[in-house]
Amino acid sequence: MPLPEHAKIYTSAQMREREQAAVDTGTSFLQLMENAGQAAAADLLRRLPQPGRALVVCGKGNNGGDALVVARVLQQHGWQADIVLLLGENLSELAETNRHRLAGLHGIRFLPPQGLPAALQQDYALIIDGIFGTGFSGSLPPIVAECCRLLNRAAGCKVALDIPTGLNGDTAEAAADTFRADLTYAFAAYKPAHASPAAEQCCGEMVCLDIGID
């Protein structure tokens, strides 16, 4: 799917600059994460107005934090969310803040990574990839590669936050077992990989969401 004419395309370095500029003018990185997750969840709720079950797979960094915000908003609208912290519980500060915001919420369940194959025997309306974001490069760690293989075979609408795990946002190099999304949300601007041939294989439909930065 081609990008819209005159679409904004930022490299990962340019995104960091613009995020910092937004923080310098009065917002916070935590608010930008909230904005990203809220915007993605709002679009998902428009597409899928009936509550269902979601599987949310998170890494340790801020992409995982974005996914935890999405899980919270879905829960507020009647969804059940199973969350897997794929790379352990030592999360980034922002992601940890959003994990705490899920404490005690009905319909939120944390599953161990080893429970993922059994979990995928259930029917999920949504599978959300928040493992690695635009900073990824190289090859996927074995646990992530195996997870993506499982997710790619599963039913349900597969959603990537900012960039599918395994796809280098700047170079468009795709690792073996890159997550194959049906829908990818680009935050603030598209990334170079979204305009590449690899996007046809990995990104599915691409939607750019405003998160409150230039």
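Trainee: How many aromatic pairs does the structure hold?
Mentor: This is a predicted model, in which local features need pLDDT of at least 70 and side-chain atom pairs count only at pLDDT 80 or more, while totals for chains, interfaces and linings use all residues. Residues are numbered from 1 along each chain as its sequence is written, and side-chain values use heavy atoms, with hydrogens and water left out. Rings of Phe, Tyr and Trp (its six-membered ring) pair if their centres lie within 6.5 Å, and the number of such pairs that the structure holds is one.

Trainee: Are the planes of F132 and F136 stacked or edge-to-face?
Mentor: A pair of aromatic rings is described by the distance of the centres and the angle of the planes. Planes under 30 degrees apart count as stacked, those over 60 as edge-to-face and the rest as tilted. The ring centres of F132 and F136 are 5.5 Å apart and their planes meet at 15°, so the pair is stacked.

Trainee: Is F132 buried or exposed?
Mentor: Buried means under 20% relative accessible area, exposed means over 50%, and partly exposed lies in between (1.4 Å probe, protein chains only). By that definition F136 is buried, and F132 is likewise buried.

Trainee: What distance separates the end C-alpha atoms of helix α1?
Mentor: Helices are DSSP runs of H or I with at least four residues, strands are runs of E with at least two, and both are numbered from the N terminus. The expected span of a helix is 1.5 Å times one less than its number of residues. The 13 residues of α1, residues 12-24, should therefore span 18 Å, and this agrees with the distance between the end C-alpha atoms, which is 18 Å.

Trainee: Within what arc do the buried residues of α1 fall?
Mentor: The buried residues of α1 include S12, M15 and A22. The arc is that of the directions from the helix axis to the C-beta atoms, and because the buried residues line one face of the helix, seen down its axis they fall within 80°.

Trainee: Which residues are exposed on the other side of α1?
Mentor: The buried residues of α1 have cover that includes α2 (29-47) and β6 (183-187), where contact means heavy atoms within 4.5 Å. On the other side of α1, the exposed residues are R16, E17 and D24.

Trainee: Over the face of which residue does R18 lie?
Mentor: R18 lies in helix α1 and is partly exposed, with a relative accessible area of 26%. A charge sits over a ring if NZ of Lys or CZ of Arg is within 6 Å of the ring centre and within 35 degrees of the ring normal. At 4.0 Å from the ring centre, R18 lies over the face of Y10.

Trainee: Which residues does N98 touch, not counting residues up to four places away in sequence?
Mentor: N98 lies in helix α4, residues 93-100, and is buried, with a relative accessible area of 0%. Beyond those sequence neighbours, N98 touches L30, M33, E34, G65, L68, V69 and R72.
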